[in-house]
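Please open the model in your viewer and keep the sequence beside it. This tour goes from one selection to the next and says what is there each time.

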Amino acid sequence: IPDQVDQGLRVAWSYYDAKSGHTLRLFNTSWQNPRPEATVTSLDFVSNLHAFVTPVLVAVSVEPND
């Protein structure tokens with residue numbers, strides 16, 4: 001994935017592994033509930049990224065609507 005991702009993702013953490021020559025990254029993104037009157041009870045985590053990327057969900061936080 002290029003450094004500039006156009007899907008609302010921001011690099012939250014990056015590590016270059018000199019031994020393998022690969023860069024590992026964790027991305028941060030946010031999402032708004034399209035139905036804020038409904039309670040979110042589950043998330044479907046689906047990746048449409050390239051095969052060489054392993055999607056991992058590290059954390060989820062919730063902010064109430066004001």
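The stops below begin with the whole chain and then turn to its strands, side chains and surface.

Before selecting anything, note that this is a predicted model, in which local features need pLDDT of at least 70 and side-chain atom pairs count only at pLDDT 80 or more, while totals for chains, interfaces and linings use all residues. Residues are numbered from 1 along each chain as its sequence is written, and side-chain values use heavy atoms, with hydrogens and water left out.

**The whole chain.** Show the protein chain as a cartoon, and you will find two strands and zero helices; both kinds of element are DSSP runs numbered from the N terminus, with helices being H or I over at least four residues and strands being E over at least two. Of the 66 residues in the chain, 0% are buried, where buried means under 20% relative accessible area, exposed means over 50%, and partly exposed lies in between, with a 1.4 Å probe and protein chains only. The chain exposes about 6,500 Å², of which carbon and sulfur atoms supply 52%; such areas come from the Shrake-Rupley method with a 1.4 Å probe, and for residues only the protein chains shown count as cover.

**The hairpin.** Next, select residues 10-17, which are strand β1, together with residues 22-28, which are strand β2; the two pair in the antiparallel sense over seven bridges, pairing being assigned if DSSP finds at least two bridges between two strands. The strands form a hairpin with four residues between them, and in that turn G21 has a positive phi of about 80 degrees. To follow the pairing across the strands, pick R10, which stands opposite N28 in β2, and then Y15, whose bridge partner in β2 is L24.

**Two rings.** How many aromatic pairs does a search of the whole structure find? The search finds one, and W13 and Y15 form this stacked pair, with 6.2 Å centre to centre and 10 degrees between the planes. Rings of Phe, Tyr and Trp (its six-membered ring) pair if their centres lie within 6.5 Å, and planes under 30 degrees apart count as stacked, over 60 as edge-to-face and the rest as tilted. W13 is partly exposed because its relative accessible area is 43%, and Y15 is partly exposed because its value is 41%.

**A charged pair.** Now show the side chains of R35 and E37, which form a salt bridge whose closest N and O atoms are 3.9 Å apart; the term means a side-chain nitrogen of Lys or Arg within 4 Å of a carboxyl oxygen of Asp or Glu. The structure holds one salt bridge. E37 counts as exposed because its relative accessible area is 66%, and R35 counts as exposed because its relative accessibility is 52%.

Select S61, in the segment after β2, and then S30, which is 31 residues away along the chain, with 9.5 Å separating the two C-alpha atoms. Finish at W31, also found in the segment after β2, which counts as exposed because its relative accessibility is 58%.
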